[in-house]
Amino acid sequence: MKYQAPRGTYDILPEDQAYWRYVIETTRRVCQLYGYEQIDVPIFENTALFERGVGETTDIVEKEMYTFSDRSGDSMTLRPEFTAGICRAYAEKKLHGRPQPLRFYTFGPAFRYERPQAGRFRQFFQIDVEVIGSQDPAIDLEVMQVAWQIYEDVGIKGLSFQVNSTGCPVCRPGYLETLKAYYSGHTDEICGDCQRRLGQNPLRLLDCKNDPCQPFIEQAPQIVDSLCEACATHFSELRVYLDALGRPYSVNHRLVRGLDYYTKTVFEVWAEGIGAQSAICGGGRYDGLIEMIGGPSTPAIGFASGVERIILAMKHEGITPPEIPKPSVCVAYLGTGAKPSAVALVHDLRTQGIGTAVLWENRSLKAQMKHADRINAEYTLILGEDEINNGTVTVRRMTDSTQGVVPISDIVDVIQGRNALEG
Ligand code: HAM
């Protein structure tokens with residue numbers, strides 16, 4: 001039996017780790033720069049939280065959740081996203097008692113049983129940013145800026161914002177009626193999914209990717225024409241701020257997002273050239289979610305971004321991340337008699353913060369020198385009988401082959417350049 005990674009999952013081999021580290025370190029740095037604090041929530045939660053939070057009729061809840069009964073028979077679900085869990089923590093831990101708004105970031109794996117393709121996985125890794133407790137559209141812009149700056153700082157170009165408003169409980173019901181009235185004249189022409197959506201979740205009609213439905217989406221009434229005064233003002237203020245920063249954006253009337261909790265602003269960032277999955281992030285306001293899951297009425301906004309898609313965009317643009325530092329020193333020893341001293345030297349160097357590699361297995365000096373070359377060591381330290389008897393080490397600088405004998409107590413100074421290496 002040969003085992004394979006489950007469909008829609010992947011291994012991150014050492015050669016790819018530099019991308020991951022760079023994206024995550026950049027995220028941390030940018031989030032700290034904007035005053036966001038890290039929060040972490042469980043990888044699984046009670047299924048009901050996602051059903052209620054994400055929405056019963058969303059694709060995620062209907063067909064994509066990894067749900068299981070634990071040993072006491074409680075229904076649990078691997079998180080398909082972070083927002084519901086963070087809101088649960090906010091309500092449960094009474095974080096509304098702290099000065100508002102709260103600015104959070106987190107990251108980790110999320111799970112959705114989707115059809116795998118480039119940039120779409122069943123286990124994927126999200127960066128997630130949320131601001132809870134403010135309804136100022138300047139916060140919407142700030143959250144959008146966090147996303148933008150992360151992408152800009154890792155070097156991605158060709159980005160644009162897609163924005164829309166999804167209204168609020170005051171204006172959305174009216175819009176949905178208008179939308180349903182429009183679609184009711186076309187029920188025979190739209191796909192089966194859309195016929196179902198028309199009854200269950202009409203906003204999703206605008207999200208359909210099937211060809212026959214496209215002309216109807218094009219002609220559909222637009223939500224921006226139905227917004228109440230508060231939502232219209234919020235949206236136009238956000239656009240003023242986007243203009244003030246000169247950020248490229250398009251108002252995308254089809255942008256309704258795949259989760260039910262959104263109110264007012266929704267947005268995505270699209271990156272060129274990463275194929276069908278061009279959204280590297282998506283987010284928006286969810287002013288009703290916290291109350292819906294049992295907390296006080298609290299406005300909030302956030303976004304999440306798949307690290308796989310960020311890396312895909314980076315690779316597409318030929319961006320290489322900084323290398324992860326490797327050991328700069330290699331220790332070689334001559335014969336098993338020198339091995340205990342080599343064990344001690346390797347330990348000492350590492351304890352003093354010097355990355356040290358060694359090839360055990362009692363290999364020939366030639367093999368050990370080859371290893372030092374392969375790992376690009378700056379120095380090779382050679383221990384033989386003479387060196388051990390004299391309390392010294394032979395130090396070879398690999399870049400120019402200078403070689404000298406150094407008292408063991410001076411090794412660190414030589415490696416760190418405080419003492420010269422004399423050949
Ligand atoms: P979402 O649009 O479902 O929103 O996902 C956000 C991002 O996660 C996507 O733009 C994409 O980069 C990544 N993503 C989603 N599904 C997959 C997948 N199957 N494979 C790879 N990447 C994926 C949310 O998750 C919301 N919680 C965002 C949010 C936060 N809204 C408010 N706050």
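**Burial and overall form**

I looked up burial and found that 50% of the 423 residues in the protein are buried (under 20% relative accessible area, with a 1.4 Å probe and protein chains only). The model is predicted, and local features need pLDDT of at least 70, side-chain atom pairs count only at pLDDT 80 or more, and totals for chains, interfaces and linings use all residues. Residues are numbered from 1 along each chain as its sequence is written, and side-chain values use heavy atoms, with hydrogens and water left out.

I noted 15 helices and 16 strands (DSSP runs numbered from the N terminus: H or I of at least four residues for helices, E of at least two for strands). Along the principal axes, the C-alpha atoms fill a box of roughly 95 × 55 × 45 Å.

**Helix 13**

I listed the buried residues of helix 13 (residues 365-374) as Ala-367, Gln-368, Met-369, His-371 and Ala-372. They pack against strand 12 (329-333), strand 13 (356-358), strand 14 (379-383) and strand 15 (392-397), contact being heavy atoms within 4.5 Å. Just after helix 13, I found Asn-376 with a positive phi of about 65°.

**Cavity**

I searched the whole structure and found one cavity of 30 Å³ or more. On a 1 Å grid over the protein atoms alone, a cavity is a set of points where a 1.4 Å probe fits but cannot get out, a pocket is an open set with protein on both sides within 12 Å along at least five of seven lines, and lining residues have an atom within 4 Å of a point. A volume is the space filled by probe spheres set on the points, which are joined across faces, edges and corners.

The largest cavity holds about 70 Å³. I read its lining as Thr-57, Asp-59, Glu-62, Arg-196, Arg-197, Gln-200, Asn-201 and Arg-204. Helix 3 (59-64) and helix 7 (192-200) each give two or more of these residues, and helix 7 supplies the largest share, three. By class, I found no nonpolar, three polar and five charged residues (Asp, Glu, Lys and Arg are charged; Ala, Val, Leu, Ile, Met, Phe, Trp, Tyr, Cys and Pro nonpolar; the others, Gly among them, polar).

**Second largest pocket**

I noted a volume of about 370 Å³ for the second largest pocket. Of its 24 lining residues, Arg-172, Asp-260, Tyr-261, Tyr-262 and Thr-263 are the closest to the centre. Helix 6 gives the most to this lining, with three residues.
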